[in-house]
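Work through the exercises below with the sequence and the structure at hand. Each task is followed by a solution in steps.

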Amino acid sequence: MKQALRRRHFSAALAGLALHFGAGMSGALNPAWAQESSLPVPDSLPDAASAAARQGEPLVLLISLRGCPYCELVRRNYLLPARADGLPAWQINMQDKTRPLVGFDGQSSTAAEQIARWKVRLAPTLLFLSPEGLPLAERLVGVASVDFYGAYLDQRLATSRLALKSAPRKRS
């Protein structure tokens, strides 16, 4: 029973992706989609989060995998347009074991090590973080419904912004 339900959800998600991407799932049919889009990758999480907070925004971090069609859907349809409107959205690759990344503890590690600390196991996952690296809203994990993803994202952004505003300010 559960397996049939999963197959139905997976089929619906693929159909939704096909509708959003236009000419189907194959990059060969639609060369514009053959190449992945990308968001910037931070060198320092504290620096990215502090810059976001100065704008009154949470650090929005997409945990992605290369070649993941759902990650591409989130990037292309939601985060890139939001970034163009000023939302500080970044991405890190779950499997990146080489690029240095300064964590919220000030220590240098890699994206893969940081993601393991956060216990993120599914891509795409969106994190909404404070300047201290604390979650400001519930993670947005996977793409359960293409039709409602924008609403889920908006709700978490509103929750994050409210939490950021009501957090005690650090004195310099």
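**Exercise 1.** How many of the five residues of β5 are buried?

Solution. The model is a predicted one. A residue counts as buried when its relative accessible area is under 20%. By this cut-off, five of the five residues of β5 are buried, and the strand is mostly covered. Next, sort the residues by face. T125, L127 and L129 lie on one side, while L126 and F128 lie on the other, and both faces are covered. In general, side chains in a regular strand alternate between the two faces of the sheet.

**Exercise 2.** Find the order of the strands in the open sheet, and state which strands stand at its edges.

Solution. Start with the pairs.
- β1 (residues 59-64) and β2 run parallel and are joined by five bridges; S64 has N93 of β2 as its bridge partner.
- β1 and β5 run antiparallel, again with five bridges; here L62 is partnered by L126 in β5.
- β5 and β6 are antiparallel too, with two bridges, and L126 stands opposite L140 in β6.

Put together, the four strands have the order β2-β1-β5-β6, and the pairing is mixed. β2 (89-93) and β6 (140-141) each have a single partner strand, so one side of each has no neighbour in the sheet. These two are the edge strands.

**Exercise 3.** Which helices lie across β1, β2 and β5?

Solution. One is α3 (residues 69-84), which runs at about 160° to β1. Another is α4 (residues 111-118), at about 100° to β2.

**Exercise 4.** Which residues of α4 are buried, and why do they lie on the same side of the helix?

Solution. The buried residues are A111, A112, Q114, I115 and W118. They lie on the same side of α4 because they cover an arc of only 160° around the axis. Their cover includes α2 (45-54), β1, β2, β3 (100-102), β4 (108-110) and β5. Just after α4, K119 has a positive phi of about 60°.

**Exercise 5.** Describe how α3 and α5 cross.

Solution. Two packed helices are described by the angle and the distance between their axes. The axes of α3 and α5 (residues 146-166) come within 11 Å and cross at roughly 50°. The two helices are therefore oblique to each other. The crossing is right-handed. As for contacts, L73, V74, Y78 and L79 of α3 meet V146, Y149, G150 and L153 of α5.

Terms used. Residues numbered from 1 in each chain as written. Predicted model: local features only at pLDDT ≥ 70, side-chain atom pairs only at ≥ 80, totals over all residues. Heavy atoms only, no water. Pairing = 2+ DSSP bridges. Contact = heavy atoms within 4.5 Å. Axes fitted to C-alpha atoms, helices over the stretch in contact; angles between N-to-C directions. Buried < 20%, exposed > 50% of the residue type's maximum accessible area, 1.4 Å probe, protein only. Arc of directions from axis to C-beta. Parallel < 35°, antiparallel > 145°, perpendicular 65-115°, else oblique. Left-handed = near helix turned anticlockwise from the far one by under 90°.
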